[in-house]
Amino acid sequence: MYLFVYGSLRYGFELNHLVAKSRFIGLGYIEGYEMYDLGNYPGIIKGDGIVWGEVYEIDENLIKLLDEVEDYKGSPDDLYVREKTRVYFDQKRKYYLDNVYFYRYNREIANDMEKIEDGDYSAWSGMPIIVNYFAYAENTNEKILRQRGVDIMLSEIPAYMKGYRLIFNVPCKYGYCANLLEDENGIICGYLQKVFLHTLNSLDKAEQHLIKYIREVVKVYDRNGKEYFAYAYVSSHKDDREKPSEEYLKMIREGLMRGWGNECVSTGLYDEAGIS
């Protein structure tokens with residue numbers, strides 16, 4: 001089962017330790033709700049806005065514990081009501097999960113309660129925001145990541161995408177850098193990294209976000225086939241496929257070897273020109 005957390009259970013807040021060891025699916029949002037500051041924590045009620053939060057995979061034991069923490073007993077006068085909703089992970093609403101649990105505030109909103117307009121309690125509180133990032137090309141190489149300002153990584157696991165292949169058509173200092181092209185039989189090997197959102201802001205500069213690449217949400221899987229939603233850098237330009245330099249290919253191979261060994265090879269990587 002999945003849980004959407006938007007307040008004191010999010011990263012950096014006092015109750016996050018209760019979910020910190022659970023599998024982090026990704027940063028997402030729900031529609032049709034508004035958020036208010038209740039004092040030392042937020043509450044959400046039905047409305048016209050969106051609310052941002054983190055999604056975790058949890059078990060029955062944890063949901064029972066959280067019911068106690070949120071004072072949810074299944075009574076009409078509970079402070080919070082546990083419900084299910086759909087969580088979106090991208091602005092295009094392509095990726096989502098249904099039947100995700102969350103706790104809705106079950107009281108009237110007082111006149112002196114401040115509305116949190118953007119529905120993001122972490123941003124409103126000045127706390128760091130965590131996201132999943134999928135590194136699939138030269139960013140699988142730790143040396144390159146450090147050069148690009150990725151100095152803090154909360155976690156990393158080998159992960160892969162399905163339905164894509166590598167092509168090399170984005171001009172860069174290495175000649176031509178990698179891009180993703182749909183291929184129903186393809187697989188892209190890389191790493192799922194849990195990082196701070198501001199880490200991606202520094203990667204944006206290296207990737208020339210909105211100029212050469214666009215930061216998009218993709219679905220990736222771990223070795224056990226569990227799904228996650230993560231940001232990746234993809235170029236909308238799919239033509240003029242070129243031959244990558246040997247230096248560039250070596251960086252990618254070294255990056256993949258450190259976690260995957262010979263277990264996973266991205267479709268298109270060993271095609272000399274990246275063309276099938």
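Predicted model: local features only at pLDDT ≥ 70, side-chain atom pairs only at ≥ 80, totals over all residues.
Which residues does tyrosine 174 touch, not counting residues up to four places away in sequence?

View 1. Not counting residues up to four places away in sequence, tyrosine 174 touches Ile144, Arg148, Ser245, Glu247, Tyr248 and Met251. Its relative accessibility is 10%, and because buried means under 20% relative accessible area, tyrosine 174 counts as buried. Aspartate 112 lies elsewhere in the model: tyrosine 174 and aspartate 112 are 62 residues apart in sequence and 57 Å apart in space, C-alpha to C-alpha.

**View 2. Helix H4 (residues 197-207) and what covers its buried residues.** In this helix Thr199, Leu200, Leu203, Asp204 and Glu207 are buried. Seen down the axis of H4, the buried residues fall within an arc of 155°, so they line one face of the helix. An α-helix has 3.6 residues a turn, so residues three or four places apart point the same way. The cover over the buried residues of H4 includes strand S7 (130-135), strand S9 (175-196), strand S10 (214-221) and strand S11 (227-234). Just after H4, glutamine 208 takes a positive phi of about 50°.

**View 3. The aromatic pair of tyrosine 11 and phenylalanine 196.** Tyrosine 11 is partly exposed, with a relative accessible area of 24%, whereas phenylalanine 196, at 9% relative accessibility, counts as buried.

**View 4. A cluster of rings, and charged groups over tyrosine rings.** Ring pairs link Tyr29, Trp52, Tyr88 and Tyr96 into a cluster. The charged end of lysine 162 sits over the ring of tyrosine 221, 4.3 Å from the ring centre, and arginine 215 lies over the face of tyrosine 231, at 5.4 Å from the ring centre.

**View 5. The two spans of the annotated domain.** An unreviewed UniProt entry carries the annotation "domain: Gamma-glutamylcyclotransferase AIG2-like", which covers residues 3-122 and 153-248. Residues 3-122 are 10% helix and 46% strand, with their end C-alpha atoms 17 Å apart, while residues 153-248 are 15% helix and 58% strand, with their end C-alpha atoms 23 Å apart.

Conventions
Residues numbered from 1 in each chain as written. Heavy atoms only, no water. UniProt positions renumbered as here; feature names shortened; annotations may be inferred. Helix = DSSP H or I, 4+ residues; strand = E, 2+ residues; numbered from the N terminus. Buried < 20%, exposed > 50% of the residue type's maximum accessible area, 1.4 Å probe, protein only. Arc of directions from axis to C-beta. Contact = heavy atoms within 4.5 Å. Phe/Tyr/Trp six-rings, centres within 6.5 Å; stacked < 30°, edge-to-face > 60°. Lys NZ or Arg CZ within 6 Å of the ring centre and 35° of its normal.
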